[in-house]
There are 2 protein chains.
Amino acid sequence: MRILGIDPGSVRTGFGVIEERRAQACYVVCGVIASKGTVPERLAAIFAGIDEVIETYQPVAMAVERVFLARNPDSALKLGQARGVALVAAARHGIAVFEYTALQIKKACVGVGHADKAQVQHMMRVLLGLSVVPSRDAADALACAICHLHHQAGLAPTGWHS
Amino acid sequence: MRILGIDPGSVRTGFGVIEERRAQACYVVCGVIASKGTVPERLAAIFAGIDEVIETYQPVAMAVERVFLARNPDSALKLGQARGVALVAAARHGIAVFEYTALQIKKACVGVGHADKAQVQHMMRVLLGLSVVPSRDAADALACAICHLHHQAGLAPTGWHS
């Protein structure tokens, strides 16, 4: 069972795919979709990038961080635009989307809820046996995917509020 | 030359297509994409709806309202998600997207910048010779399209800031 984690952003969107093998999270791929140009061009690049990852790696679920309170309306709008594109890319492939809070993701990956980004990067390297530390966005995406794997294995996933 | 105006929203997305004939704005179609279900399902419905409108009516440009300051981060995120989906639908068809401020749209359609929604609905009926008043979301979408037509005819359109 492959899981795609996504860390959406208007400039850089992280993605990470993991696979469950013998109840272990195994690394498949991770990376960053860096986009430039106008806003519609950047969003189209995010859509095409996620579409390609889904086509290539055939995940059965997508996990994204639930946004509780964005910093400000302007950044929330930009994040929302990238996030909407990621969600629609999943929906068009019939992939179920699961949301987790930042606290759930950090607890699942680092064991504590107040971990910083560097700790998440370090733990992704350790947990998945990577030879190099993944970039921040890719590490956050992998952490989302691992969080979903843990919740699938035991706890009920956090559903969508319509 | 056909222009598609879009008024994106997480629950209701208005659309309106107008056509220029002898320097006049002529009505082609308008409506609302009402979506329900989970957030990814709703976004997929918006994407599919706009995609169908573009396929059917072949507009050469899309016009949307520029969001200067959303009310709050939560509504900005939801609006952003719907907006991102609309922009990516246009970009995937190679359609140029133009943004206009609420002030520009109201001035182009009602003549003043402080018009309320009912005035916009009324003016859309009058300007386009409709037999019925369009719904609020559809009227806002038509108003975006008319604003773009006016700017195309004379003023330079407001470009995207990357």
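**Two chains and the contact between them**

Between chain A and chain B, four residue pairs are in polar contact, with both residues of each pair at pLDDT 80 or more; a polar contact here is a pair of N or O atoms within 3.5 Å, where within protein one atom must be able to donate a hydrogen and the other to accept it, and where residues adjacent in sequence count only if both atoms are side-chain atoms. The count of salt bridges between chain A and chain B is zero, a salt bridge being a side-chain nitrogen of Lys or Arg within 4 Å of a carboxyl oxygen of Asp or Glu. This is a predicted model, in which local features need pLDDT of at least 70 and side-chain atom pairs count only at pLDDT 80 or more, while totals for chains, interfaces and linings use all residues. Residues are numbered from 1 along each chain as its sequence is written, chains are lettered from A and ligands numbered from 1 in the order in which they are written, and side-chain values use heavy atoms, with hydrogens and water left out.

Together, chain A and chain B bury about 2,400 Å² between them, of which 78% is on carbon and sulfur atoms; buried area is the accessible area (1.4 Å probe) that two parts lose on being put together, summed over both. On the side of chain A that touches chain B, α1 and α2 (73-92) of chain A each supply at least two residues, and the largest share, 13 residues, comes from α2(A). Helices (H or I, at least four residues) and strands (E, at least two) are DSSP runs, numbered from the N terminus. Counted by residues, the contact takes 28 from chain A and 28 from chain B, where contact means heavy atoms within 4.5 Å.

How are the two copies related? Chain A is superposed on chain B by a rotation of 180 degrees with 0.0 Å of shift along its axis, at an RMSD of 0.0 Å, and the two copies are thus related as by a two-fold rotation axis. The same surface serves both copies, since 100% of the contact residues of chain A recur in chain B. The superposition is by least squares on the C-alpha atoms of residues with pLDDT of at least 70 in both copies.

Helix α1 of chain A, residues 39-57, has 19 residues and reaches 27 Å from its first C-alpha to its last, close to the 27 Å expected at 1.5 Å a residue; the expected span is 1.5 Å times one less than the number of residues. Its buried residues include L43(A), I46(A), F47(A), I50(A) and I54(A), with buried meaning under 20% relative accessible area, exposed over 50% and partly exposed in between (1.4 Å probe, protein chains only). An α-helix has 3.6 residues a turn, so residues three or four places apart point the same way. R42(A), also found in helix α1 of chain A, counts as buried at 10% relative accessibility, and a polar atom of the side chain of R42(A) lies 3.0 Å from the backbone oxygen of S10(A).

After α1(A) comes Q58(A), placed in the loop between α1 and β4 (61-65) of chain A. Phi of Q58(A) is near 50 degrees, a positive value in a residue other than glycine, whereas most residues other than glycine have a negative phi. Q58(A) is exposed, with a relative accessible area of 53%. In chain B, Q58(B) has a positive phi of about 45 degrees although it is not a glycine, and Q58(B) counts as exposed at 53% relative accessibility.

Over all chains, a search of the whole structure finds 14 salt bridges. In chain A, R2(A), E19(A) and R21(A) are linked in a network of salt bridges, in which the side chains of R21(A) and E19(A) meet at 2.7 Å, N to O. E19(A) counts as buried at 17% relative accessibility, while R21(A) is partly exposed, with a relative accessible area of 43%. In chain B, the side chains of R2(B) and E19(B) meet in a salt bridge at 2.7 Å, N to O. That pair links distant parts of the chain, with R2(B) in strand β1 (residues 2-7) and E19(B) in strand β2 (residues 12-21) of chain B, 17 residues apart. E19(B) also forms a salt bridge with R21(B), the closest N and O atoms being 2.7 Å apart.

Helix α5 of chain B, residues 136-153, has 18 residues, and 14 of the 18 are buried, so α5(B) is largely enclosed by the rest of the structure.
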